[in-house]
Amino acid sequence: MKRIAIVFLLLAMLFTLSACCVKHDYLPATCTEPEICSKCGEVKGEALGHTEEIDAAVEPTCTEEGLTEGKHCSVCGEVLVAQEAVPTLGHKEVVDAAVEPTCTEEGLTEGKHCEVCGEVLVAQEAVPALGHKIAVDAKVAPTCTETGLTAGAHCETCGKVLTEQFELAALGHKIAVDAKVAPTCTETGLTAGAHCETCGKVLTEQFELSALGHKEAVDKEVRPTALKTGLTEGSHCEVCGEVLVAQEVVPTLLSK
């Protein structure tokens, strides 16, 4: 009986083998396996091999990690060269200089940002405008010959004119007449002139007139008599009456 069973087993195997050889059922080849018959396990051809695809490197940023270049199979997805993490770069700090405020414009505090990615690391804060520092421009009174100015104002810090000064016209001279001074016999005179009553400037100069000198008139001699005294000859100025040569008394004749 045992021999009979073995014979039947061998016959069954021969039948199976003969049937498979008639028609194999090959599974498709893969990247790593050739075609294999699903019935008998027969191998046909070779594995296809991986279709390599590059996984591009990713540059790291200031805050994000990067990756090295890697590879994988585009068919089966198997990783062929693993990508490795590249550490973050960290921010490259740049100082944002403070901006001084002006009279009319706000300023800024010092800040910082990343030179690479532009991220603000320390925000700049607004500093209020200073406002104008008022300085009064005093009124300038006009004179006879010079213009003046109205009162005004400007900023002591930036120089901006806050209240404009306007020109005031010159006053012009206020004429006062200097009367003519007639010369006398002994005193010089002056021509008529004029000056400004306000500033004193001479507008019409006065010129000196020479003294006239005396106009001599003779005072005749008076002879004395027996009873009356006489006078010596003398003279006087007929204009001003000043005695030029005094007459002296001559005694009476009887007194001699």
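Strand β21 (residues 193-196) pairs with β22 in the antiparallel sense over two bridges, where strands are DSSP runs of E of at least two residues, numbered from the N terminus, and two strands pair if DSSP finds at least two bridges between them. This is a predicted model, in which local features need pLDDT of at least 70 and side-chain atom pairs count only at pLDDT 80 or more, while totals for chains, interfaces and linings use all residues. Residues are numbered from 1 along each chain as its sequence is written, and side-chain values use heavy atoms, with hydrogens and water left out.

**The sheet containing β21**
- An open sheet is formed by three strands in the order β19-β21-β22, with antiparallel pairing.
- Its edge strands are β19 (175-178) and β22 (202-204), each of which pairs on one side only.
- Neighbouring strands of this sheet are turned by 35° against each other on average, direction ignored, the axes being lines fitted to C-alpha atoms and the angles running from 0 to 180 degrees between N-to-C directions.

**Strands around β16**
- Strand β14 (residues 134-137) and strand β16 (residues 152-155) run antiparallel and are joined by four bridges, and alanine 135 has histidine 154 in β16 as its bridge partner.
- β16 also pairs with strand β17 (residues 161-163) in the antiparallel sense over two bridges, with alanine 153 opposite threonine 163 in β17.
- β16 and β17 form a hairpin with five residues between them, and glycine 159 in the turn has a positive phi of about 85°.

**Cysteines**
- A search of the whole structure finds zero disulfides, a disulfide being a pair of cysteine sulfur atoms within 2.5 Å.

**Aspartate 55**
- Aspartate 55 lies in strand β4 (residues 52-55).
- Aspartate 55 is buried yet has no salt bridge, the nearest side chain of opposite charge being lysine 71, 9.8 Å away; a salt bridge is a side-chain nitrogen of Lys or Arg within 4 Å of a carboxyl oxygen of Asp or Glu.
- Leaving aside neighbours within four places in sequence, aspartate 55 is in contact (heavy atoms within 4.5 Å) with residues including Thr68, Lys71 and Gln83.

Note on methods
Buried < 20%, exposed > 50% of the residue type's maximum accessible area, 1.4 Å probe, protein only. Lys, Arg positive; Asp, Glu negative; His and termini not counted.
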